[in-house]
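Have the viewer open as you read.

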Amino acid sequence: MTTVPLRRALISVSDKTGLIEFATALDAAGVELLSTGGTAKALRDAGLPVRDVAEVTGFPEMMDGRVKTLHPMVHGGLLALRDNAEHLAAMEAHGIGAIDLLVVNLYPFEATVASGADYDTCIENIDIGGPAMIRAAAKNHAFVGVVVDTEDYADVLAELEAHGGTTLPFRQRLARTAYARTAAYDAAVSTWMAGAHGDAAPRRRAFAGTLKQTMRYGENPHQAAAFYTDGSNRPGVATAVQHQGKELSYNNINDTDAAFELVAEFAPADGPACAIIKHANPCGVARGATLAEAYQKAFDCDRTSAFGGIVALNGTLDGATAEEIVKIFTEVVIAPDADEDARAIFAAKKNLRLLTTGALPDPRARVLAWKQVAGGLLVQDKDTGFVAEADLKVVTKRAPTAAEMADLRFAWTVAKHVKSNAIVYVRDGATVGVGAGQMSRVDSSTIAALKAGRMGAELGLPETPAKGSVVASDAFFPFADGLMAAAEAGATAIIQPGGSMRDDEVIAAADAAGLAMVFTGMRHFRH
């Protein structure tokens with residue numbers, strides 16, 4: 001028989017969402033309630049009959065609650081095989097009562113870490129008894145149901161009403177969820193400990209996530225996909241509120257993340273900024289006096305690629321900016337907030353997704369990034385590299401003007417978010433040409449210049465907007481040819497890491513062309 005009647009439940013929860021309603025329904029169904037500490041008090045205060053675990057074990061909770069459920073009277077009730085005569089005899093001999101349902105959600109360790117709590121507080125929020133009970137109940141899912149998420153309360157009650165207990169397939173599903181929860185919990189603890197102890201490469205590394213969304217498919221229709229959150233609560237696509245539009249796709253999420261992480265580089269206090277992304281690469285980035293102006297300048301970098309792209313803003317989306325955005329098809333707009341005028345304008349575009357995040361992510365906060373390779377994972381710190389103006393080294397005879405220096409720093413920030421080899425042309429606080437993902441740097445330079453010229457012609461400009469621009473390269477120029485391609489396009493100043501064996505040759509070429517060039521001493525490869 002796969003259906004197990006529910007006669008006795010042990011409930012010990014940190015998150016008490018829905019607790020009273022759930023426990024009331026169990027009590028009404030004749031289920032005996034066992035509990036601990038604060039959970040027992042909450043149940044008792046609600047007028048529900050509850051038996052303390054301390055009464056069952058014969059031992060009081062002790063050591064500030066560190067020891068309360070680690071006892072044979074509890075684990076025997078969870079682990080006993082109900083169809084094993086020896087187990088049943090042991091239960092009878094020692095007065096161990098069966099526990100048919102375990103309801104546990106763990107101490108809020110992840111939330112404690114996210115709050116910035118000190119080391120000792122984080123340690124005290126590592127749950128011990130909870131994971132032990134969860135694993136015991138999940139192992140014995142042939143006879144015991146285990147609930148670790150408040151979202152499953154309704155399903156338990158539906159099972160109870162439909163079957164008078166829990167069915168094996170249902171308990172199997174609960175057990176899978178339970179083991180994933182304890183794995184995620186241990187992953188959070190081990191990751192925090194590695195960081196707290198300064199271990200950048202621990203012998204074992206665990207990653208975990210919580211399902212946020214299943215998807216129709218991944219990058220392509222033949223690929224299955226799902227979206228998981230990591231619990232870090234970093235402002236962005238994982239935590240955003242979607243106000244309208246159809247469900248985000250795999251590619252939407254990837255591109256929206258790239259767009260918002262880029263625009264977050266530009267602090268709102270320094271003025272409005274906009275980034276437009278297509279296939280994870282920026283096709284236009286700009287500052288402006290208003291968000292509408294920043295959007296228009298970004299759009300004018302590459303109007304063709306902006307069609308069907310992702311727009312990210314560093315401030316509250318307003319009606320004037322929304323009016324400009326809806327003039328072409330846009331997949332997603334993401335911003336910290338959006339006013340009522342903007343929302344009303346977007347409401348007429350049912351396929352446009354509007355996301356608000358409440359804040360911008362900290363572009364310099366340490367975050368782990370990883371990618372899968374055959375047989376393993378590559379793990380690194382997210383690229384949070386920042387170069388202040390004082391860190392830049394002028395290496396040419398001519399130093400950049402103040403205006404050139406402002407554009408150089410802007411271009412360098414954008415280049416960090418362009419796939420290598422990356423070349424970015426900027427003029428007056430806006431990209432005018434972007435070359436991305438080419439196998440040679442000279443090709444990236446040429447492509448960026450061609451795109452700038454094409455856009456200049458489309459806008460009816462008398463000359464390419466690359467003329468009078470500055471150029472950023474994400475890595476050094478190994479030869480002078482890439483630099484000369486930029487100069488021929490009309491660039492007047494260059495920012496690059498330096499460090500090539502031929503730096504002297506490249507500097508001499510820049511001097512010969514009358515260019516100003518600065519070295520950052522830092523590269524921004526992005527693969």
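## Salt bridges

Start with Arg173 and Asp152, whose side chains meet in a salt bridge at 2.9 Å, N to O; the term here means a side-chain nitrogen of Lys or Arg within 4 Å of a carboxyl oxygen of Asp or Glu. The pair links distant parts of the chain, 21 residues apart: Arg173 sits in helix 10 (residues 168-196), and Asp152 in the loop between strand 6 (145-147) and helix 9 (153-163). Helices (H or I, at least four residues) and strands (E, at least two) are DSSP runs, numbered from the N terminus. Arg173 is partly exposed, with a relative accessible area of 30%, while Asp152 counts as buried at 10%. For those labels, buried is under 20% relative accessible area, exposed is over 50%, and partly exposed is in between, using a 1.4 Å probe and protein chains only.

A word on provenance: this is a predicted model, where local features need pLDDT of at least 70, side-chain atom pairs count only at pLDDT 80 or more, and totals for chains, interfaces and linings use all residues. Residues are numbered from 1 along each chain as its sequence is written, and side-chain values use heavy atoms, with hydrogens and water left out.

Next up is Lys382, which forms a salt bridge with Glu261, the closest N and O atoms being 3.4 Å apart. Lys382 is partly exposed at 24% relative accessibility, and Glu261 is buried at 9%. Then there's Arg343 with Asp337, at 3.2 Å between the closest N and O atoms. Arg343 is partly exposed at 26%, and Asp337 is partly exposed too, at 34%. Elsewhere, salt bridges with shared partners join Arg8, Glu32 and Arg51 into one network. The count comes to 20 salt bridges.

## Two helix pairs

Two packed helices are described by the angle between their axes and the distance between the axes. Here the axes are lines fitted to C-alpha atoms over the stretch in contact, and angles run from 0 to 180 degrees between N-to-C directions. Helix 8 (residues 129-139) packs with helix 10 at about 150 degrees, the axes being 9 Å apart. That makes the two roughly antiparallel; the cut-offs are under 35 degrees for roughly parallel, over 145 for roughly antiparallel, 65 to 115 for roughly perpendicular, and oblique for the rest. On the helix 8 side, the contact uses Pro131, Ile134, Arg135, Ala138 and Lys139, and helix 10 brings Ala175, Ala178, Tyr179, Thr182 and Tyr185; contact means heavy atoms within 4.5 Å. By class, that's 7 nonpolar, 1 polar and 2 charged residues. In this scheme Ala, Val, Leu, Ile, Met, Phe, Trp, Tyr, Cys and Pro count as nonpolar, Asp, Glu, Lys and Arg as charged, and the others, Gly among them, as polar.

Helix 1 (residues 19-28) packs with helix 9 at about 10 degrees, with axes 10 Å apart, so this pair is roughly parallel. Leu19, Phe22, Ala25 and Leu26 of helix 1 meet Tyr153, Val156, Leu157 and Leu160 of helix 9. The tally for this contact is 8 nonpolar, no polar and no charged residues.

Helix 4 (residues 72-79) has Met73, Val74, His75, Gly77 and Leu78 buried. These pack against strand 2 (8-13), helix 3 (53-57), helix 5 (85-94), strand 5 (101-105) and helix 8.

Leaving aside neighbours within four places in sequence, Asn252 is in contact with Glu247, Ile310, Glu331, Val332 and Arg353. Ala201 lies in the loop between helix 10 and strand 8 (210-214) and is exposed, with a relative accessible area of 66%.

## The whole chain

The protein has 19 helices and 23 strands. Its C-alpha atoms fill a box of roughly 95 × 50 × 40 Å along the principal axes. Buried residues make up 46% of the 527 residues.
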